[in-house]
Amino acid sequence: MSVSVQTLFFAAYRDLLGTGSLSVQLDEGATVADLVRELRGRGAPFDGLPAEPAVAVNRTYAPLDEPLGAGDEVAFIPPVAGG
Amino acid sequence: MTWASIVTAPIVPEDVLARVGSDEDGAAILFLGVVRDHADGRAVSGMRYDAYREMADSVLAGIAVEAAERLGTERVAVVHRTGELNVGEVSVAIAVSSPHRAQAFEASRYVIEEIKKRLPIWKKEHYADGEEAWVAGAVPPGVGS
């Protein structure tokens, strides 16, 4: 069984990857860390993402060991610079 | 009620200030964040702000509520603008009123500092020489690196 999550990329990450969103297939029970490993394992330019990025799952900041489920929205959050 | 909003249209500071205030308040303050014309010795011609809009709405609303709890009243209003801004334009406005000035200053300071720590907004500086770069930001507490 695999689940599909929607990933979002902003600012410098969006520029790095040339896209703002991707659908990614993961094994059931996968965590945010597994998602990061899957993406970085694709090589350039994905390996330019940090190994331990800040992420938000369904619009709330989440730790790397957060489990993911089908349809989750996972945003990669570069260091923020509001104000 | 606290009030928080992410907008694309120009911010009108007096409209934000008008959202706070009460007959029991002896202090009302307005903080403005403004695009300046230099950064680290380079001339800046403008700034672009991008947001994770759906999340930024809830994070900013949460920050306003937290500030109100610290203040002990609910008269906190904050608005952040996104899109292309010129030098001198207002990027963020925070208005707070309270019975005494210390609470208003503290709450206003809390809102701007928390915005800088964890509001999912990014800014790209446009330099006078035609180059541009994302401004180095802050890693939100407790997540990633």
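**View 1. The pairing of B:Ala77 with B:Ala95 in the sheet of chain B.** In this predicted model, B:Ala77 has B:Ala95 in S7(B) as its bridge partner. Strand S5 (residues 76-81) of chain B and strand S7 (residues 90-98) of chain B run antiparallel and are joined by 5 bridges, and B:His80 stands opposite B:Val92 in S7(B). Strands, like helices, are DSSP runs numbered from the N terminus, with at least two residues (E) for a strand and at least four (H or I) for a helix, and two strands are taken to pair if DSSP finds at least two bridges between them. Residues are numbered from 1 along each chain as its sequence is written, and chains are lettered from A and ligands numbered from 1 in the order in which they are written. Local features need pLDDT of at least 70 and side-chain atom pairs count only at pLDDT 80 or more, whereas totals for chains, interfaces and linings use all residues.

View 2. The 4 strands follow the order S1-S5-S7-S2 with mixed pairing, and the edge strands, each pairing on one side only, are S1 (3-7) and S2 (27-34). From one strand to the next the twist averages 5°. S1(B) and S5(B) pair in the parallel sense over 5 bridges, with B:Ser5 opposite B:Val79 in S5(B). Helix H2 (residues 53-71) of chain B lies across S1, S5 and S7 of chain B and runs at about 150° to S1(B), while helix H3 (residues 101-118) of chain B touches S2, S5 and S7 of chain B, its direction making about 150° with that of S7(B). Axes are lines fitted to C-alpha atoms, for helices over the stretch in contact, and angles run from 0 to 180 degrees between N-to-C directions; contact requires C-beta atoms, placed from the backbone, to lie within 7 Å.

View 3. A residue is buried with 20 or more other C-beta atoms within 10 Å of its own, exposed with 12 or fewer, and partly exposed in between, the C-beta atoms being placed from the backbone. The largest nonpolar core has 58 residues, and those with the most contacts inside it are A:Ala75, B:Val76 and B:Val111; H2(B) gives the most to this core, with 9 residues. Such a core is a set of buried Ala, Val, Leu, Ile, Met, Phe, Trp, Tyr and Cys residues joined through C-beta atoms within 7 Å. Not counting residues up to four places away in sequence, B:Val111 touches residues including B:Ile63, B:Val76 and B:Ile94.

**View 4. The surroundings of B:Arg19.** B:Arg19 is placed in the loop between helix H1 (13-17) and S2 of chain B, and it counts as partly exposed because it has 18 C-beta neighbours inside 10 Å. Leaving aside neighbours within four places in sequence, B:Arg19 is in contact with B:Trp3, B:Ala77 and B:Ala95. B:Arg19 and B:Ser97 are 9.5 Å apart in space, C-alpha to C-alpha, and 78 residues apart in sequence.

**View 5. The open sheet of chain A.** In chain A, 5 strands take the order S2-S1-S5-S3-S4 with mixed pairing, and the twist averages 35° from one strand to the next. Strand S3 (residues 54-57) of chain A and S4(A) run antiparallel, joined by 3 bridges, and A:Ala56 stands opposite A:Tyr61 in S4(A).

Terms used: Two residues are in contact if their C-beta atoms, placed from the backbone, lie within 7 Å.
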